[in-house]
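Visitor: I would like to learn how to read a protein model step by step. Could we begin with the sheets and then turn to the helices?

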Amino acid sequence: MKRKLLLITALILSVLIIVTGCQFLTGTQTTFSPEDSLAVHFLDVGQGDAVLLVDNNETMLIDSGNPEYGHEIIDYLADLGITQLDYVVATHNHNDHAGGLTDVVANLDVGNLYLTDSEETKASKNLIAAAASKNIPISTPSPGTAMAFGGSVINFLGPLNVHEDVNDDSLVMKVTHGSHRFLLTGDMEEVAEKELLAANLDLAADVLKVGHHGSYSSTGYLFLRTVNPRYAVISCGVNNDYGHPHEETLSRLNDAGSTIFRTDLLGTIIATSEGDQLNFNKNGVTPTQPYQDVDNGLASTTNPVSETPANEATAETATYIGNKNSKVYHLPSCSGLPKESNRIYLNSLEEVHAQGLTPCGICKPPS
Ligand SMILES: [Zn+2]
Ligand SMILES: [Zn+2]
């Protein structure tokens, strides 16, 4: 009996040594630890989608809005000190998703381009030509593929078929960082949602990037009940022609108890997963409309119209300059300052911290 116990103890010890040894070998770059963080930026690109993932210096841009947003995204990335992207993904070939990627791919160093298998469009042809001219590898991740991304894992879940509607051909990705799961669905509609449900995939997520800008034809009842997201992010333009997000979708999300964040009301939204914390950036966001549909406490923590105190920093006196959209702050001497309309002038680090800003990777201001 005693001998058995000794054997078990030895076994446990050797497993422990192997595990610790592995961590030494792989270092912190590839091993998830609670200190690591994943940032998911839902960029405000008007009526379109663009999502940036940053984890342990690995970067992935998923969609980019219409062509006119390509350069805005390049500027946004420069503010974060990002000049190369490990992965660029077009969820599907519509212009409001793939349109801006041609400029991104043409202007930045890109490691890999992922496309879906679907009907070609002008946007996808331009994108493929830009990538091919720079010898960027192009591939289509098959459903069921998993990849490591920083300290996260990305599972490609769909599309499971080629469809009549290009929206249903959207790449569906689940990003898992520790205990936090993000489900990104492009413009997937109910047809493809039902296929994922029928395949019995693990769709549960904490954050759902709501399909097709909140159209009633996506986010079906059963799909939503299965994903059961605590948070729902809707990317759409102010007063867009489609009436997105549709009332039916908002009401289904409300019934499911999901807190809704909308780029048309809030601008760029940044979610950060760190250890057991999942936070949404609520600072420095200027709403363009009242908050009537946003039931999430943001209204109370954001000042739509800020009073101007006597000692407010100006362009001449500011010690730091923040970017309203990217939530990054710079030294006034930085080469990558945001355009005038996106600037926040700040006197002190105290003000910087109160706005929840992060330091620029180019000028590296004190933090
Ligand atoms: Zn779309
Ligand atoms: Zn679409």
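Guide: Let us begin with what pairing means here: two strands count as paired if DSSP finds at least two bridges between them. Please keep in mind that this is a predicted model.

Visitor: What does such pairing rest on in general?

Guide: Strands of a sheet pair through backbone hydrogen bonds, and they may do so in a parallel or an antiparallel way. In this protein, which has 11 helices and 19 strands, one open sheet is formed by seven strands in the order β7-β8-β9-β10-β11-β12-β13, with mixed pairing. Because β7 (146–149) and β13 (259–262) each have a single partner strand, they stand at the edges, and one side of each is left without a neighbour in the sheet. On average, neighbouring strands of this sheet are turned by 20 degrees against each other, direction ignored.

Visitor: In which sense do β9 and β10 pair, and over how many bridges?

Guide: Strand β9 (residues 172–177) and strand β10 (residues 180–184) are paired in the antiparallel sense, over five bridges. Within this pair, histidine 177 stands opposite histidine 180 in β10.

Visitor: In what order do the strands of the eight-stranded open sheet stand?

Guide: The order is β6-β5-β4-β3-β2-β1-β14-β15, and the pairing is again mixed. Its edges are β6 (138–139) and β15 (277–280), each of which has a single partner strand, so one side of each lacks a neighbour in the sheet.

Visitor: How should I read the two faces of a strand?

Guide: In a regular strand the side chains alternate between the two faces of the sheet. Strand β18 (residues 343–346) is a case to look at, with Ile344 and Leu346 on a covered face, and Arg343 and Tyr345 on an uncovered one. Strand β16 (residues 320–323) runs antiparallel to β18 and is joined to it by four bridges, with asparagine 323 opposite arginine 343 in β18.

Visitor: And how do I read the sides of a helix?

Guide: An α-helix has 3.6 residues a turn, so residues three or four places apart point the same way. Helix α5 (residues 122–133) has buried residues Ala123, Ser124, Leu127, Ile128 and Ala131. They cover an arc of only 125 degrees around the axis, and therefore lie on the same side of α5. The face turned away from this buried side carries the exposed residues Ala129, Ala132 and Ser133.

Visitor: What do the buried residues of α5 pack against?

Guide: They pack against α3 (95–98), α4 (101–107), β5 and β6. Just after α5, asparagine 135 takes a positive phi of about 55 degrees.

Visitor: Which residues of helix α6 are buried?

Guide: In helix α6 (residues 190–198) the buried residues are Glu190, Ala192, Glu193 and Leu196. Their arc around the axis is only 160 degrees, which puts them on the same side of α6, where they pack against β8 (152–158), β9 and α7 (221–227).

Conventions:
Residues numbered from 1 in each chain as written. Chains lettered and ligands numbered in written order. Predicted model: local features only at pLDDT ≥ 70, side-chain atom pairs only at ≥ 80, totals over all residues. Helix = DSSP H or I, 4+ residues; strand = E, 2+ residues; numbered from the N terminus. Axes fitted to C-alpha atoms, helices over the stretch in contact; angles between N-to-C directions. Buried ≥ 20, exposed ≤ 12 C-beta atoms within 10 Å, placed from the backbone. Arc of directions from axis to C-beta. Contact = placed C-beta atoms within 7 Å.
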